[in-house]
Amino acid sequence: MAGAIEVRNLTKSFGTFCAVDDVSFEARAGEITALLGPSGSGKSTVLRMIAGLEQPDTGRIWVGDEEHTSKTPQERRLGFVFQHYALFRHMNVRQNVGFGLKVRKASRADTQSRIDELLKLVGLGPFADRYPDQLSGGQRQRVALARALAPRPEVLLLDEPFGALDAHVRQELRRWLDRLHRELGVTSLLVTHDQEEALELASGVVVMHRGRVEQAASPVDIYNRPATPFVAGFVGASNVLRGTVREGDLHFGTSVVARADDTEVGPSARAYVRPHDVLLTLGRGDRTFPVTVERRTDLGWLSKLQLRLDDGQAVFAQLPNAELDGIEEGGHVYAKLRSTKVFPLDGEDAPAASGAGGTSQPLLRTSDENETLTSRAGQT
Amino acid sequence: MNTAQTQERPQRPDIPAGASGRPSGGRREKLVPALLVAVALAYVLVLLLGPLGGIIYYAFKSGLSVVGQTFTRPDVQHAFYLTFVIMLITVVVNTVFGVLMALVLARDRFPGKRLMSALVDLPLAVSPVIVGLMAVLLFGRGGWFEPFFAARGIQIIFALPSMVLVTIFISIPFVIRETVPVLQELGLEEEQAAWTLGASKLQTFFRVTLPNIRWGLLYGIALSAARAIGEVGAVLIVSGAIEGKTETATLFILRTFDQFQDQPGYIVALTLAVFSIVLLIGIEILKRKRTREAG
């Protein structure tokens, strides 16, 4: 029952604003694909065009072997889950879930057994007679999902489904959706601005920025081999450091720090370094550079460190305490980069690079910091 | 007032703060709301309940037999019948076109929408007498549309069609005004969810949109029904108030006063007033349901 979703050269403008600009990608059959990007990147518009709720200016959409481009939402028979649930507030849970079957004139017996089946699946059997305003946000979204799945759609489209929920419920629903998807295997396209959600749930990630696709790849490749400075800055927390490239090597000041083979242009470059890829040693070694420890915050099993390069740039590091013997505030030590991604300085701008070279704060997206930490702590 | 007190305090440290200032200030603070309540009560008593009491008194002054006689008079019965028919047609037309207009105003974007939204209120701002005159100018002798209808033998002016027409014109804004905000509050997502679940536009309207706006809509319908029953000016101009033919209940009241036969007029007036009060109570109940719906 699962079909792949394919979009080709989708473009959509609202007035003079180009929301979606020549977007093409494929969501593989039976898998979860994430459309990841900051708000305003056009990801929701793409999803709504696939659902038929917006008409693309140009471009084509297929689901399975069928072209959907000019079909109405009713003809497409896709499941759609809204961020704010969009439950029918004058209907109880049963009526909500059964709506899609009823309007398609399914037989009464079939409708009732399908509703029971879905309520069991989403664990809301005891709440069948409640109205949406008597349910919590997480329960409402599960009803919305059951409602979308009831008519057995070929694909499921989820528009920031956990965006309106608090962090704890979001985590729980994420694991629940993962289990549910393994059970059902319905092709799913998930719109989210939460990179952790995308990396955790999806087997394919499409990163969008300013209406364009920045990179479409597996989560591992998105994380470890970002194709553009934007992806490098957006997915995972990154330091952005200015350096120079000479003879294929990245330099910070006079220190050679890393290979930069795939950066064809130089000499000015921008290196994206994740906090856990900064290693610290007391002595100088191969490809190390001197740093000053300005601040060390001990979080029990790991520490967050604010480091300063000789040229004034700040670096943020995050390492297990076991690897930090003898590293103290005010100390002059050496840093080594486990891995880094180097881009030419004058490339497209990235979210974290606006104040490159600023000296007061480490250039780091810290908003996801806490979540990253808690999820890791949960795993150990 | 409070700032004045705090400024005073340091100069009189021997007097406990607030001991001197609060009672007079408190009295004054209570005096203003009490006055307002008194004015409001006086308003209700003198201007609303007083006349109602007067009508009740005069209606029953010469005994119940006159009441019975009045209701058996053919012209009175016809007047009530006509008022009822006009109200019924008005309510049906207002509901259908009011909802359509509200949907357009709440959902669609088009040039001139703000102008259109302002024009919807025009009937509320224009005197009903002028509305009646406008209808006469369009459909009366020498009017723009008169030849068209006259050629087909349809009488508009001095007949039911024009009376219904002006009543609709005057009362439809209530339906539109009450429905637009509810539609805006509802948003589009529930309807879009219905579409993705396979519901046609018509199914979506009757199963999703209408149930969501029903209390606001009913409230608007009740208001416009009350307005339709009470209309005099416009109906007077277009109907000619022909006894037993184009005379509504309100026009009957008007005639009885002209002919100095007050009591039947009071009895009919009281009947209309009772009907309006029942409608008003209904409206209040709907209002409460509607606020619960919005909340």
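Reader: Which residues of the largest nonpolar core touch the most other members?

Author: In soluble globular proteins, nonpolar side chains tend to be buried together. A nonpolar core here is a set of buried Ala, Val, Leu, Ile, Met, Phe, Trp, Tyr and Cys residues joined through C-beta atoms within 7 Å, buried meaning that 20 or more other C-beta atoms, placed from the backbone, lie within 10 Å of a residue's own. In the largest one, of 105 residues, A:Ala34, A:Leu35, A:Ile50, A:Ala146 and A:Leu157 touch the most other members, and helix α5 (residues 137–149) of chain A gives the most to this core, with six residues. Apart from it lies another core, of 58 residues, including B:Ala135 and B:Leu223. This is a predicted model, in which local features need pLDDT of at least 70 and side-chain atom pairs count only at pLDDT 80 or more, while totals for chains, interfaces and linings use all residues. Residues are numbered from 1 along each chain as its sequence is written, with chains lettered from A and ligands numbered from 1 in the order in which they are written.

Reader: In what order do the four strands of the open sheet in chain A run?

Author: Strands of a sheet pair through backbone hydrogen bonds, either parallel or antiparallel. Strands are DSSP runs of E of at least two residues, and helices runs of H or I of at least four, numbered from the N terminus; two strands pair if DSSP finds at least two bridges between them. In chain A the order is β2-β1-β4-β5, with antiparallel pairing, and β2 (17–27) and β5 (66–67) are the edge strands.

Reader: How many residues does each chain bring to the contact between chain A and chain B?

Author: Two residues are in contact if their C-beta atoms, placed from the backbone, lie within 7 Å. Chain A brings 19 residues and chain B 14, and α10(B) supplies the largest share of the chain B side, six residues.

Methods:
A residue is buried if 20 or more other C-beta atoms lie within 10 Å of its own, exposed if 12 or fewer, and partly exposed in between; C-beta atoms are placed from the backbone.
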